[in-house]
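Trainee: Can you walk me through this one? I have not looked at it before.

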Amino acid sequence: MTDDTRVVPLTLLVQAAVVVAMGMLLGLWMDAVAGTSALLGGLAAIGPNAFLAARLIGSRCGNDANALLQSAWVGVLGKLVLTMLLFGVIFATVRPISGPAVFAGFIAAQVVLPAALLIGGGAEKLDTGEKS
């Protein structure tokens with residue numbers, strides 16, 4: 001794997017590590033309900049992100065820009081629908097639950113995405129127009 005192809009799986013792994021660490025810390029600091037809720041909130045972010053990544057990486061579009069754009073649109077819409085479904089399932093079925101911890105886990109997982117872009121130098125490539 002080249003460096004560019006490793007970015008997505010590594011980002012998903014870092015998201016999972018951040019969410020697990022947050023769940024453990026909240027579980028120790030507050031209680032098991034908060035820790036579990038944070039893990040579920042992180043799952044509501046990581047699962048849909050993995051779906052989008054699979055759509056974009058797994059697409060066999062070649063150099064066809066329209067096919068890649070269509071794959072991206074389907075991936076983003078799928079991510080949105082999966083996120084809504086996961087939040088619905090979490091809040092409808094899990095009892096007891098800590099709403100703030102669910103959203104804290106979700107936000108913690110999402111914050112990894114721009115951080116990975118900044119740390120990985122992706123922002124510089126976007127600014128300068130470099131090819132990866």
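What follows is a short chat about a few residues.

Mentor: This is a predicted model, where local features need pLDDT of at least 70, side-chain atom pairs count only at pLDDT 80 or more, and totals for chains, interfaces and linings use all residues. Residues are numbered from 1 along each chain as its sequence is written, and side-chain values use heavy atoms, with hydrogens and water left out.

Trainee: Where is Thr 83 found?

Mentor: Thr 83 sits in helix H3, residues 65-93. Helices here are DSSP runs of H or I with at least four residues, numbered from the N terminus.

Trainee: And is Thr 83 buried or exposed?

Mentor: Thr 83 is buried, at a relative accessible area of 13%. Buried means under 20%, exposed over 50%, and partly exposed in between, with a 1.4 Å probe and protein chains only.

Trainee: What does Thr 83 touch?

Mentor: Leaving out residues up to four places away in sequence, Thr 83 touches Ala 44, Pro 48 and Phe 106. Contact means heavy atoms within 4.5 Å.

Trainee: New topic. Which residues form the aromatic cluster?

Mentor: Phe 87, Phe 91, Phe 103 and Phe 106 form one cluster. Phe 87 and Phe 91 both belong to helix H3, 4 residues apart, about one turn of the helix.

Trainee: How accessible are Phe 87 and Phe 91?

Mentor: Phe 87 is buried, with 14% relative accessible area, while Phe 91 is partly exposed at 28%.

Trainee: Last one: where is Asp 31 found?

Mentor: Asp 31 is in the loop between helix H1 (3-29) and helix H2 (32-58). Asp 31 counts as partly exposed, at 39% relative accessibility.

Methods. Helix = DSSP H or I, 4+ residues; strand = E, 2+ residues; numbered from the N terminus. Phe/Tyr/Trp six-rings, centres within 6.5 Å; stacked < 30°, edge-to-face > 60°.
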